[in-house]
Amino acid sequence: MNVYLVVLTVGVCTALLLMSLPRVEGLTCVPCSFVRVRCKPLPSSCQATPAPCGCCKICAKKADQQCSYFKQCEKGLVCKSKNRFLWFGKGICQTPMKG
């Protein structure tokens with residue numbers, strides 16, 4: 001088989017696979033000590049959870065709010081998503097099913 005044809009086929013298959021994946025949220029964090037971090041005060045009504053880079057705290061998402069790998073739900077709730085891994089998309093905060 002022609003090597004050129006094999007390389008072309010592999011390239012096309014890889015491109016099609018990558019295009020079929022949902023958009024991934026990219027994030028690069030620098031150590032908190034490297035930047036001057038000014039964290040916003042949180043309302044007393046919110047449950048604090050670490051922000052994506054971990055330098056500050058943010059309010060956790062409540063029931064029926066949109067969540068993701070970077071926007072976590074309050075304690076006692078889970079982020080339900082159609083995707084197998086939350087890294088690949090968003091979900092909704094819900095109470096876990098028992099059973």
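**Close-up views of a predicted model**

**View 1. One aromatic pair is found in a search of the whole structure.** The rings of Y69 and F70 lie with their centres 5.2 Å apart and their planes at 85°, so the pair is edge-to-face. Rings of Phe, Tyr and Trp (its six-membered ring) pair if their centres lie within 6.5 Å; planes under 30 degrees apart count as stacked, over 60 as edge-to-face and the rest as tilted. Y69 is partly exposed, at 45% relative accessible area. F70 is buried, at 13%. Buried means under 20% relative accessible area, exposed over 50%, and partly exposed in between (1.4 Å probe, protein chains only). This is a predicted model, in which local features need pLDDT of at least 70, side-chain atom pairs count only at pLDDT 80 or more, and totals for chains, interfaces and linings use all residues. Residues are numbered from 1 along each chain as its sequence is written, and side-chain values use heavy atoms, with hydrogens and water left out.

**View 2. K62 and E74 form a salt bridge between their side chains.** The N to O distance is 3.1 Å. A salt bridge is a side-chain nitrogen of Lys or Arg within 4 Å of a carboxyl oxygen of Asp or Glu. The structure holds one. K62 lies in the loop between β2 (57-59) and β3, and E74 in the loop between β3 and β4, so the pair ties together parts that are 12 residues apart in sequence. Strands (E, at least two residues) are DSSP runs, numbered from the N terminus. K62 is partly exposed, at 37% relative accessibility.

**View 3. E74 sits in the loop between β3 (66-68) and β4 (78-80).** E74 is buried, with 17% relative accessible area. Residues up to four places away in sequence are not counted here; beyond them, E74 touches Q47, A60, K61 and K62. Contact means heavy atoms within 4.5 Å.

**View 4. Five residues make up the largest nonpolar core.** They are C67, C73, L77, C79 and C93. A nonpolar core is a set of buried Ala, Val, Leu, Ile, Met, Phe, Trp, Tyr and Cys residues joined through side-chain atoms within 4.5 Å. L77 also has contacts with K61, K62, A63, C93, Q94, T95 and P96, leaving aside neighbours within four places in sequence.

**View 5. D64 has a positive phi and is not a glycine.** The phi value is near 70°. D64 is found in the loop between β2 and β3. D64 is exposed, with a relative accessible area of 64%.

Notes. Helix = DSSP H or I, 4+ residues; strand = E, 2+ residues; numbered from the N terminus.
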